Amino acid sequence: MTQSGPANPSRPQAVLYRNGSVYSAADPFATAMLVDGDTVAWVGSEQAATSIADSSMEVIDLRGALVAPGFVDSHMHLTETGIALDSLQLGGISSARELLDAVAAAPGDGPVLGHGWDETTWADAALPTAEELERASAGRPIYLSRVDVHSALVSASLARSPGLQDQDGFDGGPRVRRAAHTAARQAARRLPEADLRRHQGRALSAAAANGYVAVAEMGAPHIGGADDLRLAAAWNSTGPGAPSVPEVLAYWGELVSSEDHARSVLDGFGFRLRGLAGDLNIDGSVGSRTAALRYGYSDAPEERGSLYLGVDEAAAHLAACSLLGIPGGFHVIGDAGLDAALSALDLAAAQVGEQRVRAAGHRFEHVEMVDAAAVEKLSRYSVTVSAQPAFDAAWGGAGGLYQQRLGERSAGMNPFATLYAAGVPVCFGSDSPVTPLRPWSSVRACLEHHNPGERISARAAFLGHTRAGWRAARYHNPMAGQLVPGAPASFAVWEVEELMVQVADGRVQSWSTDPRARTPLLPALDTGNDPVCLQTVRDGVELFSSPALRS
């Protein structure tokens with residue numbers, strides 16, 4: 001592999017990483033990796049790296065750092081994330097008074113945008129009135145999304161937007177849900193294209209700085225519309241001057257009624273959609289009490305959430321996608337919502353055949369309330385569950401939002417181990433801006449699930465955040481998500497405190513840490529600290545680099 005003669009100026013310089021640890025199935029004890037162009041050329045030992053190194057390469061001394069496949073966020077929203085990062089951060093707010101103070105202190109003279117409030121963490125869950133919001137903003141329009149982005153607080157001036165007050169979910173007060181929330185969000189985010197692109201770029205930069213090499217963008221008519229998704233997909237443009245950002249895997253959540261309808265929607269975008277899936281909402285969220293439940297909410301027994309799609313129209317959507325051989329799917333959280341989605345699968349299978357339904361690679365987003373019968377049916381139809389482990393970390397456990405809203409039903413939320421055991425394909429994401437772009441915290445959430453019986457190993461969680469994301473997107477390169485010779489050079493370099501094997505079952509710990517098990521090591525996540533990203537590389541192109549990497 002030693003090169004001789006003058007370097008080819010059109011070919012990127014080969015890079016040798018050494019003196020660290022490489023997470024690779026090809027060699028679980030590898031300490032070095034060679035990247036040639038957009039491909040992993042070799043992984044191996046430090047001794048072998050010494051014989052390979054030559055003056056034509058850039059040599060990076062890892063100094064004990066870990067090189068691992070880059071993360072894939074299997075569910076996020078670029079524009080919403082960028083807006084949230086650049087607006088009022090309301091996650092630490094603990095009362096209506098603090099929220100009003102934050103609004104009053106907001107700089108500028110345009111609309112006041114904010115994200116992240118959660119009244120279930122307040123000592124007094126009472127929300128501010130519309131009049132209080134109007135006074136705090138001095139008449140500026142206000143849109144403050146709840147942490148789950150399924151409801152929001154709006155000022156009277158924003159509520160006067162055309163058509164908003166006629167929508168379902170508006171009761172004259174400051175909180176909007178369902179169709180009224182959709183109208184409020186769209187009114188608040190009517191921004192010039194340059195601003196939308198800036199917000200998307202901000203989100204992609206944040207993703208790259210946290211080790212993500214790809215993100216699944218969940219576009220939908222009720223979120224940002226088709227133009228917003230076109231902007232997101234345009235980040236994949238290549239050539240001179242093109243930005244170096246994570247790959248955008250574009251999904252579009254629009255309901256279709258036939259194969260021809262589905263084809264026309266796909267053809268209308270002019271770029272490849274990964275599926276007619278994502279945030280095509282069957283229901284809403286637990287926090288906003290819009291997730292569709294079989295029985296009433298524990299803290300509001302008269303409410304059972306909202307079903308936005310009927311079984312027949314959901315089945316027609318899945319059948320159309322199955323005939324085209326593309327993933328279809330829905331946002332579904334509540335148990336009644338999942339009942340509708342699974343009934344739709346049965347009906348679609350009766351219409352086009354079970355094999356076509358299975359082969360299409362359908363995906364359901366979130367799927368938080370699952371019983372044994374539902375798990376069996378998800379497995380039978382090979383439906384991928386795209387889940388968010390950080391939901392459990394934020395809202396699971398004693399006294400958490402799930403327990404407040406659902407009582408004893410909260411114990412069975414997000415059953416990762418059960419899904420894995422049944423052979424249901426699972427991939428993981430953040431649903432950013434709902435939870436932060438912190439992939440190792442998401443891996444830790446799988447290890448520390450509030451229900452010990454639903455915990456999975458760090459290795460299973462890591463694969464769910466990496467290779468499974470590529471598979472769920474039906475990516476063209478089957479080697480994506482691993483660091484072996486011939487695989488895409490898409491990875492991140494991490495400063496770590498310690499490497500180890502972490503499993504959910506202590507009986508396994510004794511053998512899996514034995515070198516003879518040849519189990520690659522991952523960062524210790526019981527220290528309370530996330531690994532620090534030093535570099536992110538996609539297809540051999542550097543997306544992010546910390547000054548510490550080459551210092």
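Overall fold

Me: Which radius of gyration does the chain have, and why does it agree with a compact globule?
Reply: The radius of gyration is taken over C-alpha atoms, and the globule rule is 2.2 Å times the number of residues to the power 0.38. For 551 residues a compact globule would come near 24 Å, so the chain agrees with it, at 24 Å.

Me: What kind of model is this, and how are residues numbered?
Reply: This is a predicted model, in which local features need pLDDT of at least 70 and side-chain atom pairs count only at pLDDT 80 or more, whereas totals for chains, interfaces and linings use all residues. Side-chain values use heavy atoms, with hydrogens and water left out, and residues are numbered along each chain as its sequence is written, from 1.

Me: What share of the residues of the chain is buried?
Reply: A residue is buried when its relative accessible area is under 20% (1.4 Å probe, protein chains only). Among the 551 residues, the share that counts as buried is 57%.

Me: How many residues of domain 2 are in contact with domain 1?
Reply: The domain bounds come from an automatic or database domain assignment, which gives domain 1 as 79–189 and domain 2 as 211–229 + 251–473. Their centres, taken over C-alpha atoms, are separated by 26 Å. With contact meaning heavy atoms within 4.5 Å, 21 residues of domain 1 touch domain 2, and the number on the domain 2 side is 25.

Key
Buried < 20%, exposed > 50% of the residue type's maximum accessible area, 1.4 Å probe, protein only.
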